[in-house]
Amino acid sequence: MKKVLVIAGPTASGKTALSIRLAKALNGEIISGDSQQVYRELNVGTAKITEEAKQGVPHYGLDLVSYDQAYSVKDFQTMARSAIEEISDKHKLPILVGGTGFYLKASLYDYVFEDEMAQDETFDELSNDELYAQLKNLDPKATEKIHPNNRKRVLRALNIALKGETKSDREAKQKHEALYDVFMLVMDHPKAVLDQRIEERLDRQFMYGLKDEVERYFSRAEQRQYQSFQAIGYKEWKAYFDEHLSVDEIKQKIVIATRQYAKRQLTWFRHQFNAYWYKPSPENEKLVIQAIQAWLDKEIL
RNA sequence: GGGGGGGUAGCGAAGUGGCUAAACGCGGUUGACUGUAAAUCAAUUCUCUCCGAGUUCGGCGGUUCGAAUCCGUCCCCCCCCA
């Protein structure tokens with residue numbers, strides 16, 4: 001089994017900076033596990049690492065598509081797995097770093113996605129309850145797991161069922177096991193500290209031209225249909241364009257959305273993975289590196 | 001000084017005698033998550049010894065079987081005139 005070091009954590013927790021230090025200390029290369037940093041044009045709002053900051057460490061998973069394109073877990077999974085192969089083949093340590101828990105899980109575990117999304121129907125004329133009722137017929141098991149109001153999920157399960165094997169059957173065939181020997185660490189700041197980091201980072205993003213970036217790419221309404229506009233730091237500007245909220249009000253919205261996102265991320269990491277919760281500090285960093293080193297030295301049977 | 005409007009749970013805001021511990025939104029908390037995941041969705045949010053009970057709707061006092069809702073009085077805020 002190939003070894004993969006994973007650095008997870010909420011936004012603004014310092015994953016990027018830590019990843020560079022670890023990559024250098026452990027002879028690793030980095031795979032970004034972030035759903036928004038795949039967009040080439042979007043840099044400041046996504047807090048993408050700069051060329052200088054990379055310090056020569058090779059990065060995968062950045063700038064993969066244009067911001068007007070769609071991207072999904074399946075794309076990520078494919079990319080991440082092949083990057084892991086490639087890096088391992090060079091006898092370097094793959095370091096997967098990112099905050100998109102679902103992406104991390106899907107690439108690390110034996111999740112299977114088919115090639116079928118394109119033909120999904122949206123059933124616009126059906127209500128949530130009608131859709132749910134249909135799903136109940138085709139895939140009753142999925143219905144137990146998905147709330148009727150969660151239209152996106154109901155729709156997806158329904159579309160899968162309509163094409164043959166149901167989502168439940170598909171998942172039942174999986175073993176829910178990791179494909180790699182994973183050492184995962186989650187950045188664990190006290191809430192107040194994280195909140196402060198979030199605000200400070202947002203200040204920096206404004207300083208580095210977040211507003212310009214948004215105006216450059218999303219000033220026209222049709223551009224706001226793009227999937228990339230769903231990202232925090234961007235979608236909040238809709239109120240600036242359409243309702244003429246002040247820049248300050250937008251900033252407040254972004255802070256709140258970011259805090260809420262961080263909370264969701266933490267919930268995911270807490271419940272979906274068995275990770276090493278790392279409280280960032282210089283001393284602790286030495287300890288983690290030792291722990292990782294020990295894990296690296298251990299041969300897998 | 002005169003006229004008008006207003007003070008409701010962390011915030012905004014409904015409610016104008018019983019069906020109201022009080023709609024709704026925001027924020028908070030907890031959680032779900034197998035193709036939009038920085039997305040989507042759910043539960044919960046006065047207090048407690050939480051199946052039940054106790055305190056709330058600026059303060060105090062009153063009317064009433066019963067008041068956030070009516071009356072008196074006091075305090076505070078906003079707008080207009082002086």
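Helices here are DSSP runs of H or I with at least four residues, and strands are E runs of at least two, numbered from the N terminus.

Bear in mind that this is a predicted model: local features need pLDDT of at least 70, side-chain atom pairs count only at pLDDT 80 or more, and totals for chains, interfaces and linings use all residues. Residues are numbered from 1 along each chain as its sequence is written, while chains are lettered from A and ligands numbered from 1 in the order in which they are written.

Back to α10: L210, E213, V214, Y217 and F218 are buried, that is, with 20 or more such C-beta neighbours within 10 Å. Because these five cover an arc of only 95° around the axis (taken from the directions from the helix axis to the C-beta atoms), they sit on the same side of α10. They pack against α9 (191–207), with contact meaning C-beta atoms within 7 Å.

Now for strand β2 (residues 28–32). Four of its five residues are buried, so β2 is largely enclosed by the rest of the structure. Its pairings, which need at least two DSSP bridges, look like this:

| Partner of β2 | Sense and bridges | One bridge pair |
|---|---|---|
| β4 (residues 93–97) | parallel, five bridges | G28 with L93 |
| β3 (residues 59–60) | parallel, two bridges | I31 with Y60 |

Zooming out, chain A splits into domain 1 (3–111 + 181–297) and domain 2 (117–172), with bounds from an automatic or database domain assignment. Their centres, taken over C-alpha atoms, are 30 Å apart.

Note on methods:
A residue is buried if 20 or more other C-beta atoms lie within 10 Å of its own, exposed if 12 or fewer, and partly exposed in between; C-beta atoms are placed from the backbone. Two residues are in contact if their C-beta atoms, placed from the backbone, lie within 7 Å.
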